[in-house]
Amino acid sequence: MVQAISTSSCCNILFSKSHRSTSPHSLHRFNHYSPSFAHRISTGVQRKALELPLPETVTQQVQNKEQRKTQFALENLTSWLLKQELAGNIDAELTIVLSSISLACKQIASLLQRSSIINLTGGQGTINVQGEDQKKLDVISNELFCNCLRSSGRTGIIASEEEDIPVAVEETYSGNYIVVFDPIDGSANIDTALTTGSIFGIYGPDEQCLIDLDDTSTLDEAREKCIINVCQPGRNLLVAGYCLYSSSVVFTISLGKGVFAFTLDPTYGEFVLTHENIKIPESGKIYSFNEGNYDLWDDKLKNYLDHLRQPGSNGKPYSGRYIGCLVGEIHRMLLRGGIYGNPKNKNNKNGNLRLLYECAPMSFLIEQAGGTAIDGVQRILDIVPEQHVILAGTPTYTNFHWKPR
């Protein structure tokens with residue numbers, strides 16, 4: 001069985017396929033009408049009674065109702081969130097936060113589809129805190145996310161990959177939720193109309209960072225007090241998810257009880273439930289690494305990749321696929337299985353994924369779908385980000401270890 005392995009650090013990770021089998025498909029039951037025969041002998045004549053069906057059980061009646069559902073009986077994201085609220089899985093405030101995130105994703109999807117038409121391709125001419133050239137849509141998408149979260153009235157702290165520090169939301173001091181996000185993952189793909197995505201994670205309130213309106217400290221001082229509140233390990237996440245922008249727009253989310261995916265129906269602008277309780281397939285066929293860096297990798301990693309390219313027990317080697325977008329890679333893994341890695345190399349000792357905005361939320365989803373997310377030494381969700389990691393946006397962990405397939 002193939003394992004997912006991870007490389008170097010929190011930001012150099014491998015996600016593995018599930019070690020659990022997929023959920024069995026439910027079997028359709030059909031009502032069988034068993035004829036009952038009664039024979040009465042009278043004056044030498046044998047007569048057959050009427051054939052009557054056996055009475056249906058309550059279970060059969062429920063199944064019949066389910067079978068009578070039409071193609072119009074769809075469940076959208078809003079109704080699903082309300083059901084989760086009624087079930088006690090989330091509260092009303094978190095429902096509002098998630099709805100605001102889904103709105104931001106719809107707006108970004110619309111801009112991406114029209115980016116060439118409305119001249120939103122190309123660079124902005126600025127560099128973000130990660131030292132990367134910003135695309136026009138990097139800046140715009142960041143503003144969309146921030147505005148939607150602020151207007152929800154339920155967020156206290158927001159931290160974006162495009163910002164240098166977490167921001168205490170002035171408009172909503174009453175909000176307690178902490179939202180971290182990467183507004184556009186894979187923005188280098190925008191100009192060529194390839195796969196991109198948005199990643200988000202939500203943490204609960206922390207007593208260290210509840211804002212006191214009577215406090216005389218400045219907003220900058222309040223921000224400084226709140227930085228420690230953002231620096232939580234991924235295991236503290238309440239919710240994580242992503243939105244994939246490709247041939248379909250897919251909003252994938254986990255509340256800590258499985259992974260669910262909703263596809264945007266452009267006809268009426270709603271996310272519709274299309275993938276329920278996703279489980280990573282037991283066996284995968286694809287590995288995703290940027291093999292252009294092959295000669296810069298550790299010899300152990302080279303040996304592992306060479307091993308994957310050898311025919312396995314089924315006589316076939318793994319196939320290499322690399323999109324250049326973490327959201328796209330993980331989405332494919334959730335549905336098809338496989339291995340993803342973003343390892344360190346001689347020119348980049350830490351890799352180029354960020355623990356807070358990318359690795360932790362994606363690791364949360366992978367584990368909820370039955371997979372494994374490690375940095376080569378430990379579970380990624382157990383890594384605690386450090387303050388300067390958040391401010392600089394770069395990881396500090398570089399431990400490296402490989403496990404055999």
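Modeller: Let us begin with a pair of helices: α7 and α8 are roughly parallel to each other. This is a predicted model, in which local features need pLDDT of at least 70 and side-chain atom pairs pLDDT 80 or more, whereas totals for chains, interfaces and linings use all residues. Residues are numbered from 1 along each chain as its sequence is written, and side-chain values use heavy atoms, with hydrogens and water left out.

Colleague: Why are α7 and α8 called roughly parallel?

Modeller: Helix α7 (residues 326-336) and α8 pack at an angle of about 10°, their axes being 11 Å apart. Axes are lines fitted to C-alpha atoms, for helices over the stretch in contact, and angles run from 0 to 180 degrees between N-to-C directions. Angles under 35 degrees count as roughly parallel, over 145 as roughly antiparallel, 65 to 115 as roughly perpendicular and the rest as oblique; α7 and α8 are therefore roughly parallel. Helices (H or I, at least four residues) and strands (E, at least two) are DSSP runs, numbered from the N terminus.

Colleague: Which residues of α7 and α8 meet?

Modeller: From α7, L326, V327, I330, M333 and L334 meet E358, M362, L365 and I366 of α8, where contact means heavy atoms within 4.5 Å. By class, this contact has eight nonpolar, no polar and one charged residues. The nonpolar class is Ala, Val, Leu, Ile, Met, Phe, Trp, Tyr, Cys and Pro; Asp, Glu, Lys and Arg are charged, and the others, Gly among them, are polar.

Colleague: What makes α8 a mostly covered helix?

Modeller: In α8 (residues 355-368), 13 of the 14 residues are buried. Buried means under 20% relative accessible area, exposed over 50%, and partly exposed in between (1.4 Å probe, protein chains only). C359 has a relative accessible area of 0% and is therefore buried.

Colleague: How do you know that C105 is in no disulfide?

Modeller: The structure holds zero disulfides. For C105, the nearest cysteine sulfur, that of C243, is 4.0 Å away, whereas a disulfide is a pair of cysteine sulfur atoms within 2.5 Å. C105 has 0% relative accessibility and so counts as buried.

Colleague: What makes a set of residues a nonpolar core?

Modeller: A nonpolar core is a set of buried Ala, Val, Leu, Ile, Met, Phe, Trp, Tyr and Cys residues joined through side-chain atoms within 4.5 Å. The largest has 43 residues, and those with the most contacts inside it include W80, L98, Y245 and F262. Helix α3 (residues 92-113) gives the largest share of this core, 10 residues. Y245 touches, among others, C105, I108, A109 and L112.

Colleague: Is A193 to be called buried or exposed?

Modeller: A193 has 70% relative accessibility and therefore counts as exposed. A193 lies in the loop between β8 (177-185) and β9 (196-203), and its phi is near 55°, a positive value in a residue other than glycine. Most residues other than glycine have a negative phi.

Colleague: Why is N277 called partly exposed?

Modeller: N277 has a relative accessible area of 33%, so it is partly exposed. N277 is placed in the loop between β13 (270-275) and β14 (286-288), and has a positive phi of about 50° although it is not a glycine.

Notes. Lists of a residue's contacts leave out its neighbours within four places in sequence.
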